[in-house]
Structure formats: C-alpha cells, structure tokens
Amino acid sequence: MTRAAVQAADLGVEPALPWSSFGPILAVHFLGTLGFSLAIPFLVFIVTDLGGAAWTYGLVGATYSAFQLFGAPWLGRWSDRAGRRPVLVASQVGTLLAWLLFFGALSLPVVGLTELAGATLTIPLLLVFAARALDGATGGNISVANAYVADLTRTTPELRQVAFGRMGMAASLGFVIGPAAAGLLGGTAWGPRLPIAVAASFAGVTTAAILLWLKEPRGRCPKGPPAPDVLEAGLSQQAKPCHERPRKRVLREGVTRKPVAILLGATFLLFLGFNFFFAGFPVHAATVYGWDTAELGVFFAILAGMMFLAQGPLLSFASKRLDRRIVFAVGLGFLVLALISYQLPPGPISYVGAACFALGNGLSWPTFQSRIAEVGGDDQGSVQGAITSASSLASILGLLGGAFLYPALGGALFLLAAGMFAVVLVLTPLWFRSITADAPG
C-alpha cells in the first residue's frame with residue numbers, strides 16, 4: 001500500500017488507485033485487447049480462404065481457449081515465484097511471436113495436404129492453428145495481470161472493485177475500437193494482412209511498455225522473502241524470490257482451499273452462461289431477428305459501449321454506497337432479465353436487453369473479481385491462473401455446446417444461460433461468506 005493510501009485509511013477516507021503503478025497495466029490490458037480484437041472480423045474469412053470449413057473455424061476459436069486452459073495456471077504459479085513483471089514480458093513475447101506466425105501463414109501459397117470432413121488442410125491453415133495455440137498458451141497473462149492488480153489494491157474491497165472495473169473498461173474499449181479499425185484497415189490492398197500486422201505491432205508496443213514502465217508491485221512479501229535452505233546458504237545464495245515455495249504447499253494453500261474451490265465453480269457457471277449467449281445470439285439475430293452483419297456489429301458495439309460505462313462510473317458509484325454482495329446480486333439480476341428479454345419479438349426491447357446485459361456484466365464480474373483477489377492472498381498468481389483455466393474450460397464447452405444446442409433449443413438456450421446466472425445469484429451468500437475470516441493474506 002502506498003503512503004497516500006495508508007494516510008487515507010487512517011483518516012477514514014477511501015484510498016485512490018495508485019495510478020503511477022496501475023496506469024501501465026491498464027494500458028497493457030487495453031493494447032492487448034485491441035490487438036486481439038483487430039483480427040476478429042476477418043478470422044472466419046481467413047480460415048475459409050485457407051481451406052477451412054465452418055467446423056474448422058470453431059476449432060480455431062477453441063484452440064486458443066484449450067491452450068489457455070493449461071497455460072494460465074502455469075503462468076500464474078510462475079509469477080508467484082519469479083514476479084509479475086518478468087512473466088508478463090515473457091507472455092507478451094509469446095503473443096508477438098504468435099501474431100508474426102499468423103502473418104507468415106497469410107504470405108504462404110495455399111497448397112492442399114489432405115481433405116477432412118469438407119475442409120482442406122493446408123500448410124497456412126496449420127500455421128494459423130499453431131499461432132492460436134501459441135497465443136493461447138501465453139494468453140494466460142490475463143491471470144498475471146489480475147494478480148498484479150490484486151497486489152496493487154491490498155487496501156479495501158471497494159478499491160479492488162473499482163480497479164477491476166477499470167480493467168473491464170479497458171477491455172471493452174479495446175473491443176469497441178478494434179473491430180471498427182479492422183474494417184478500415186482491411187479495406188486496403190493488404191487485405192487482412194494489415195490488421196494482423198497492426199496486431200503484431202501492438203504486441204510489440206505492449207512488450208516495450210512492460211519493460212519500460214511496469215514496476216513489480218510492492219508489498220508482495222509482507223513477512224519477508226523465504227530464507228535460503230541449507231544448500232543455498234552454503235553456496236552463499238541470496239534469499240529466494242518472494243513467493244518461491246514448494247509446489248505442494250502452493251497447491252494446498254492456494255487453489256485447493258475451500259473459498260477458492262467454490263469460486264472456481266461459480267466462475268465456471270458464469271462463463272458457461274456468457275458463452276452460451278455469445279454462441280447462440282449471432283445465429284438468433286440472423287434467423288429470428290433477420291439482422292445482417294452490419295446490424296449485428298452495431299448491436300455488439302453498443303453493448304460494448306454501455307459495458308464501458310457500467311464498469312466505470314456506475315460501478316464506482318455503486319461500490320461506495322452498497323455492499324459488494326448487493327452489487328453482485330443486482331448485476332446478476334440484470335443478466336437474467338437480459339436473457340429473458342430475447343424471448344420477445346425483435347425491436348427496441350432487444351436494445352433494452354443489451355443495456356441490461358451491459359449493466360449486469362459491468363456490476364457483477366468486477367465485483368466477483370475483487371472477491372477472488374481477496375481470497376487469493378499470497379497465492380494470487382496460482383489462484384488467478386486457476387480461475388482463468390475454469391473460464392477457459394467454460395468457454396470451450398459453452399461455445400461448442402452452444403453451437404450444437406441452439407439448433408435444437410432455439411431461444412430457449414438463453415433461458416438455460418439465465419438459469420445458470422440465477423443459480424449463482426441465489427448462492428451469492430456462499431461466494432461472499434466470511435469475507436474477512438477466510439482471506440489468507
């Protein structure tokens with residue numbers, strides 16, 4: 001905690017975010033999201049042009065989440081041992097290499113190797129799979145970034161709510177600007193190569209920003225770094241890095257603690273509901289609402305814009321006046337209402353549903369992240385990595401399951417997602433039980 005934060009706490013005033021340290025990680029999160037979202041509008045066309053089919057596109061999307069599922073815990077645990085900054089640098093270098101590999105795939109001739117279920121496997125298509133796998137394996141840096149934010153906000157739950165809300169704002173802004181910029185960049189003679197090249201350049205800028213401006217959070221060793229063991233002492237080695245502890249102890253005291261275990265279950269349900277919506281809504285909008293690509297793009301741009309406002313001013317206002325459990329429950333209530341609204345005929349109600357979805361996401365998820373950070377204690381990296389893995393697994397199952405379930409269930413798929421949010425809402429006291437008693441650090 002900074003000296004200003006300590007003084008504010010002593011005076012009973014809510015401490016402010018340490019912007020000198022928080023600003024760089026916010027910029028890193030924004031640039032990373034912006035680079036990622038630049039490729040979204042073109043990915044399906046790139047996969048098709050390189051020989052893929054509809055199922056191939058789905059598999060490309062799932063590849064990222066699948067490798068993130070295994071990469072996130074490892075990166076998080078590594079950051080607990082070696083520090084946040086070096087792991088963020090290494091992961092950003094991996095993202096940079098992934099985009100360069102993607103760009104290289106678009107520069108190769110499309111030569112078929114074999115036919116498989118209506119798709120032609122080509123060398124460029126295989127390189128796209130490799131690029132998404134590499135980006136996914138290093139894309140668990142979101143868990144390290146969240147651990148970094150948790151390290152910076154060891155003050156009050158309200159401060160953490162606001163901090164994670166700002167992170168959500170950065171991501172939302174990136175998703176608003178990225179697809180729009182991609183449309184402009186993709187209209188040049190370079191086609192999709194230019195957005196991919198810009199995404200690679202953003203990864204490079206992000207890496208440089210971490211190296212130049214990001215500092216290791218203070219206070220990660222409240223009890224001091226672990227002492228060297230007998231062998232290390234005999235070799236005149238210095239004290240171990242802050243969180244260098246045996247793996248078994250990390251697992252026992254980190255992700256296997258009961259508060260963390262139940263939050264993993266809640267995270268899985270939340271992300272499964274979110275991904276059922278994102279898998280089914282584009283098809284629902286096209287077949288039931290009769291929307292075209294432009295109308296769908298406008299809808300998601302409005303949704304992201306409203307989410308930006310909900311995660312910023314609204315969350316900051318609510319966090320100062322309401323208990324976290326109330327903010328979380330109200331957010332989930334809005335999500336349930338949003339998904340129910342998509343059972344009604346299209347029209348203005350569709351955008352009312354978007355507003356409810358934005359309010360629900362903007363209030364509930366940053367609040368839940370602050371709770372995760374609270375129980376993470378000194379194992380923030382390991383815990384945040386496990387949370388990212390749970391969300392990645394839910395994303396894989398939700399996107400693939402939603403694609404298969406929507407033809408059978410139609411709009412009822414949204415009611416299934418609403419039911420998941422309702423379960424998490426009813427169990428709100430469980431997620432926030434013993435707020436001060438079970439926090440390890």
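Author: The count comes to 27 aromatic pairs, where rings of Phe, Tyr and Trp (its six-membered ring) pair if their centres lie within 6.5 Å, and planes under 30 degrees apart count as stacked, over 60 as edge-to-face and the rest as tilted. One of these pairs is formed by phenylalanine 328 and phenylalanine 368, which is stacked because the ring centres are 5.4 Å apart and the planes stand at 20°. This pair links distant parts of the chain, since phenylalanine 328 belongs to helix 14 and phenylalanine 368 to helix 15 (residues 348–376), 40 residues apart. Helices here are DSSP runs (H or I, at least four residues), numbered from the N terminus. Both phenylalanine 328 and phenylalanine 368 are buried, a word that means under 20% relative accessible area, whereas exposed means over 50% and partly exposed lies in between (1.4 Å probe, protein chains only).

A word on the basis of these values is in order. The model is predicted, with local features needing pLDDT of at least 70 and side-chain atom pairs counting only at pLDDT 80 or more, while totals for chains, interfaces and linings use all residues. Residues are numbered from 1 along each chain as its sequence is written, and side-chain values use heavy atoms, with hydrogens and water left out.

Helix 14 itself deserves attention. It comprises 18 residues (residues 324–341), which at 1.5 Å a residue should span 26 Å, and the end C-alpha atoms are 26 Å apart, in agreement; the expected span is 1.5 Å times one less than the number of residues. Besides Phe328, the buried residues of helix 14 include Val327, Gly331, Leu332, Leu335 and Leu339. An α-helix has 3.6 residues a turn, so residues three or four places apart point the same way. At the N-terminal end, aspartate 323 caps helix 14, with a side-chain oxygen 2.8 Å from the backbone nitrogen of arginine 325.

Helix 5 (residues 84–106) may be set beside this helix. Arginine 84 is located in helix 5 and counts as buried because its relative accessible area is 1%. Its side chain is joined to that of serine 79 by a polar contact of 2.8 Å, a polar contact being a pair of N or O atoms within 3.5 Å, of which, within protein, one must be able to donate a hydrogen and the other to accept it, and residues adjacent in sequence count only if both atoms are side-chain atoms. Glycine 94 also lies in helix 5 and is buried, with a relative accessible area of 7%. Valine 93, likewise in helix 5, is partly exposed because its relative accessibility is 33%.

Notes. Helices (H or I, at least four residues) and strands (E, at least two) are DSSP runs, numbered from the N terminus.
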